[in-house]
Amino acid sequence: MDFGTALKDWRTRRRLSQLDLALRAGTTQRHVSFMESGRSVPGRGMVLRVAESLELPLRERNGLLHAAGYAPTYPETRLGDPAIRPVLDGLRRLLDGHRPYPAIVVDRYGVLVAKNDAFALLVEGVAPELLEEPVDTLRLALHPRGMAPRVANLDDWARHILERLRNDLARIPDERLAAQLAELEGYLPPASAPGPEHLGFAVPVRLSTSVGELRLITAITTFATAADVTVSELKLETFLPADAETADRLHSTAAVA
């Protein structure tokens with residue numbers, strides 16, 4: 001896709017007029033129009049300004065630079081590279097500090113990067129092949145041989161997961177993410193209306209475990225100021241007790257361990 005077409009596609013996806021984008025990027029509507037039509041060739045700085053104004057993730061900013069004929073600005077460091085070790089070490093400290101509550105680190109596609117010991121409670125009894133690396137935590141959550149059979153409010157929890165994916169796809173087109181969404185939708189019956197478990201502030205998962213039912217809500221943390229593609233796509237997902245009984249059960253499990 002050429003730069004002009006890509007720029008117009010992103011602007012349309014963000015529901016911005018040419019004037020809106022021009023004001024955000026510190027340029028003129030005429031210049032935006034010329035860039036989209038191919039009548040003006042933007043400099044590297046302008047490409048970065050419009051990419052930031054469109055709130056594109058780093059991977060997509062690199063893609064827009066490439067479409068304009070420039071080399072990527074943001075590196076994409078492999079997880080095994082020593083240069084990224086301080087980031088992973090910091091995340092592991094956060095994972096350990098969250099115990100006795102479960103916590104995981106995943107990448108852009110929900111592939112498991114790291115976990116703490118409490119995560120074992122969530123995956124009790126799942127099919128061994130679902131835990132083979134690379135572990136797809138989205139598939140793990142909704143697969144019939146994964147966590148799904150132990151989730152008492154599967155309809156509500158699945159809807160929460162699927163809607164999050166649909167929102168991601170609406171903002172950032174991605175063939176792999178679209179394929180994941182189609183797979184996950186295939187595991188579930190047609191959605192019904194939200195039930196009583198669909199709370200206004202969060203959707204708790206009610207999960208049957210060896211220590212009793214756990215009611216958990218999740219919080220997701222990302223690196224807002226990351227300058228590396230890999231780091232920017234890492235997500236720390238922490239599971240928090242939604243009631244005192246769940247907190248007591250998790251703490252008692254940690255005490256026994």
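Reader: Which residue lies over the face of tyrosine 109, and at what distance from the ring centre?

Author: That's arginine 176, at 4.0 Å from the ring centre of tyrosine 109. Keep in mind that we're looking at a predicted model.

Reader: What sits over the ring of phenylalanine 34?

Author: The charged end of arginine 39 does, 4.1 Å from the centre of that ring.

Reader: And rings with rings? How many aromatic pairs come out of the count?

Author: For a pair, the two ring centres have to lie within 6.5 Å. By that rule, the count here is 0 aromatic pairs.

Reader: OK, on to pockets. How much space lies in the largest pocket, and which residues lie nearest its centre?

Author: The largest pocket holds about 700 Å³ of space. Its lining has 22 residues, and nearest the centre are Pro57, Ile172, Thr222, Ser232 and Lys235. Two or more lining residues come from each of α5 (58-67), α9 (154-171) and β4 (212-222). The top contributor is α9, with 3 residues.

Reader: How do the residues of that lining divide into nonpolar, polar and charged?

Author: The largest pocket's lining has 10 nonpolar, 2 polar and 10 charged residues. Domains are worth checking too: domain 1 (3-68) and domain 2 (82-255) each supply at least three residues to this lining.

Reader: What about the second largest pocket: how much space lies in it, and which element gives the most to its lining?

Author: This one has about 280 Å³ of space. It's lined by 14 residues, with Trp10, Glu60, Gly63, Leu64 and Pro173 nearest the centre. The elements giving two or more residues are α1 (3-13) and α5, and α5 gives the most, with 6 residues. By type, the lining splits into 7 nonpolar, 2 polar and 5 charged residues.

Reader: Why does the second largest pocket lie between domain 1 and domain 2?

Author: Look at who supplies the lining. Domain 1 (3-68) and domain 2 (82-255) both give residues to it, so the second largest pocket lies between them.

Reader: Last one: what does UniProt list for residues 7-61?

Author: With a database label, read the record, then look at the model. The UniProt entry, which is unreviewed, lists "domain: HTH cro/C1-type" for residues 7-61. In the model, that span is 69% helix and 0% strand, and its end C-alpha atoms lie 11 Å apart.

Technical notes: Residues are numbered from 1 along each chain as its sequence is written. This is a predicted model: local features need pLDDT of at least 70, side-chain atom pairs count only at pLDDT 80 or more; totals for chains, interfaces and linings use all residues. Side-chain values use heavy atoms; hydrogens and water are left out. On a 1 Å grid over the protein atoms alone, a cavity is a set of points where a 1.4 Å probe fits but cannot get out, and a pocket is an open set with protein on both sides within 12 Å along at least five of seven lines; lining residues have an atom within 4 Å of a point. Grid points are joined across faces, edges and corners, and a volume is the space filled by probe spheres set on the points. Helices (H or I, at least four residues) and strands (E, at least two) are DSSP runs, numbered from the N terminus. Ala, Val, Leu, Ile, Met, Phe, Trp, Tyr, Cys and Pro count as nonpolar, Asp, Glu, Lys and Arg as charged, and the others, Gly among them, as polar. Domain bounds come from an automatic or database domain assignment. Rings of Phe, Tyr and Trp (its six-membered ring) pair if their centres lie within 6.5 Å; planes under 30 degrees apart count as stacked, over 60 as edge-to-face and the rest as tilted. A charge sits over a ring if NZ of Lys or CZ of Arg is within 6 Å of the ring centre and within 35 degrees of the ring normal. UniProt positions are given in the numbering used here, feature names are shortened, and annotations may be inferred rather than shown by experiment.
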